[in-house]
Amino acid sequence: MNTPTLARPAGFAADVASIARRALRSLWREPEFLGPALFFPMFFYVINIGSLQDVAERIPGVDYKAFQVPVAIVFAVTGVSRATVLVLDVQQGYLDKMLVTPVRRTALLLGMMVADIVLVFTLSVLVVAMGLIAGVRFETGVLGLLVFLLIASAWGMAFTGIPYAVALRTGNPAAVNSSFLLFFPFLFFTSAFVPREAMTGWLGGLAAWNPVTYLLDGLRSLISVGWEPGDIFGAIAAAAGIAVVTFWLAFSALRSRVAGPA
Amino acid sequence: MIEADSLVRRFGDVVAVDRLSLTVDRGEVYGFLGPNGAGKSTTVRILCTLLAPTEGTARVAGFDVVDQASEVRVRIGVALQESALDGKQTGRELLDLQARLYGLRGATLQRRLDAVIGLADIGNAIDRQIGTYSGGMRRRLDLAAALVHDPQILFLDEPTTGLDPPTRTKVWAEVRRLQREHGATIFLTTQYLEEADALCDRVAIVDQGTLAIEGTPSELKRRVGRDLVVVELAGDTTGATTGATAGATDAVADLAGVDDVRITDRTLVVATANGAGLVGPVAVRLAEKAFDVASLTVRTPTLDDVFLEATGHRLRDDGTITEEVTR
């Protein structure tokens, strides 16, 4: 009965690499994807500075151009992912084609996320370049800039869990496209536009509970203040906390999708 | 090579597969014939480890499809219905990815890629994005992808549905070649009677999630009877089959030598051991009873007749079935 076969499980790392290669290719073939991802943060950066710079800079010590760079980054990297590809794989049945192979199931998601890392890091670099062109300088120097990019990318990665979870649970592209809406309360109930000290009662209260506030504080402090361990740790903790929740959602969605409910 | 024992698969209240058991031997082309919604694809998905059965067990190549899914996966090749392929990759990239997921490397990988690219036979299009392919090209690429690791067991879920006749013939030739030259065991689902008849060593007719009948095509046809006298009734075609045709069944049922009588629409089919001998008596009896006969022929049974016998329906080419037929 035991039939000889050429095939064998390729191993976890090889599976992730194979899936990542395809995801990166799909990224490369959809350069139009970068357009909106860059347009919105740049648009809001210009508008926010144009409309609020004079008012905001009445608060002593605020450099509003620097203050807005982290907001632009968060706008750029939050909610972008290859979930748009995964949901089509689910809907059109290509995921099944991969699932009949011995591929490790988690590699299917992690491989996609490798492409996401490349994407969010690229977007972060481009947005920071925009800030530098606008005259923003880092108090923490080049190393601080690097840490800034890594934290921004980590945040972008942390949020990818949500669209992946939606893709795997629903198999519905429209639902995936709407999933970035979840991000709006995160971004707007926070210190995106004015420092927390200047916010009024209820919004200030909400902002204190919002992980994006700590993310922005950490990123801002790298630009304008210097090495503040508390702020930096806060930003990392915010990204890590979100990652724990969203990755749990994504991987449990993957498990229930590949097991096929009995 | 493939054994299923009392498989049940429920989706909520719907029972898609209902206590289905079957055995497929090594080197055999096994046809799983049935209308849309009969449970064909669900059965294939269970056997391919994509779906867990609600009850029952199945073993493929000697391994349990639930507990030893990985062992099963490395031994089977699967081409699912509708050839779902990623349109943004080129054909070559898709085959390469599939091969790597099967753990192929280096020279083996290259050798197998060359082999299946030759098999897909789509020329330079192999380096174009799949989004630009025709239905037939996608199907050939899908089949090539299923073969990239040279599996001994192949699952083909409706491999020719929606293909034009010349392309369908090519797929048939390929299936025959795989069986002949590689000794592959092939489990094939189809809604085409002629496909099951032309390709399969054994055919199972599946209806409402259960196996209605199973055997070699010739065995199955013999069960219907050696000859069929087929009468096309003329006259009022607007009338339902009810009154007029029910009478026709009764009219001939008591003739000597009649084994079985069935009617669909306006076609009366009489099964008998001796067709030539029965044509006269049937014609005379129908004339006596004032039925208007448009044509009267004798033929040997087809799988269509087997399907009717087993399920009480006729199977149309689009995978739907006719209403229950009066006996």
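## A walk through two chains

Let's start in chain B, where four strands make an open sheet in the order β12-β13-β11-β14, paired antiparallel. At its edges you'll find β12 (258–264) and β14 (293–299) of chain B, and each of these pairs on one side only. As you step from one strand to the next, the twist averages 15°. Keep in mind that this is a predicted model.

What holds a pair like this together? Strands of a sheet pair through backbone hydrogen bonds, either parallel or antiparallel. Take strand β11 (residues 227–233) of chain B: six bridges join it to β14(B), and the two run antiparallel. If you want one spot to look at, find B:Val231, which stands opposite B:Leu296 in β14(B). This sheet also has a helix lying across it. Helix α10 (residues 275–288) of chain B lies across β11, β12, β13 (267–272) and β14 of chain B, and it runs at about 25° to β11(B).

Chain B has another open sheet for you to trace. Here four strands come in the order β2-β1-β4-β5, again with antiparallel pairing. Which strands stand at the edges of this one? They are β2 (14–24) and β5 (63–64) of chain B; each has a single partner strand, so one side of each is left without a neighbour in the sheet. Strand β4 (residues 55–60) of chain B is joined to β5(B) by two bridges, and the pair runs antiparallel. Within that pairing, B:Val60 has B:Phe63 as its bridge partner in β5(B).

In chain B, α8 (residues 217–224) and α11 (residues 303–311) pack at an angle of about 60°, and their axes are 9 Å apart. On the α8(B) side, the contact is made by B:Pro217, B:Leu220, B:Lys221, B:Arg223 and B:Val224, while α11(B) brings B:Leu303, B:Asp305, B:Val306 and B:Glu309. Sort those residues by class and you get five nonpolar, no polar and four charged.

Time to hop over to chain A, which has twelve helices and zero strands. How does its size fit its length? With 262 residues, a compact globule would have a radius of gyration near 18 Å, and chain A has 20 Å, which agrees. Its C-alpha atoms fill a box of roughly 80 × 35 × 35 Å along the principal axes.

For a helix pair in this chain, look at α2 (residues 34–56) and α3 (residues 64–77) of chain A, whose axes come within 9 Å and cross at roughly 155°. Angles over 145 degrees count as roughly antiparallel, and α2(A) and α3(A) are therefore roughly antiparallel to each other. The crossing is right-handed. Among the residues that meet are A:Phe40, A:Phe44 and A:Leu52 in α2(A), and A:Phe67 and A:Phe75 in α3(A). The residues of this contact divide into 15 nonpolar, three polar and one charged.

Finally, see where the chains touch. The contact takes 33 residues from chain B and 31 residues from chain A. On chain B's side, the elements giving two or more residues are α2 (69–73) and α3 (91–101) of chain B. The largest share of that side, five residues, comes from α3(B). By class, chain B's side has 15 nonpolar, ten polar and eight charged residues.

Methods: Residues numbered from 1 in each chain as written. Chains lettered and ligands numbered in written order. Predicted model: local features only at pLDDT ≥ 70, side-chain atom pairs only at ≥ 80, totals over all residues. Contact = placed C-beta atoms within 7 Å. Nonpolar A, V, L, I, M, F, W, Y, C, P; charged D, E, K, R; others polar. Pairing = 2+ DSSP bridges. Axes fitted to C-alpha atoms, helices over the stretch in contact; angles between N-to-C directions. Parallel < 35°, antiparallel > 145°, perpendicular 65-115°, else oblique. Left-handed = near helix turned anticlockwise from the far one by under 90°. Rg over C-alpha atoms; globule rule 2.2 N^0.38 Å.
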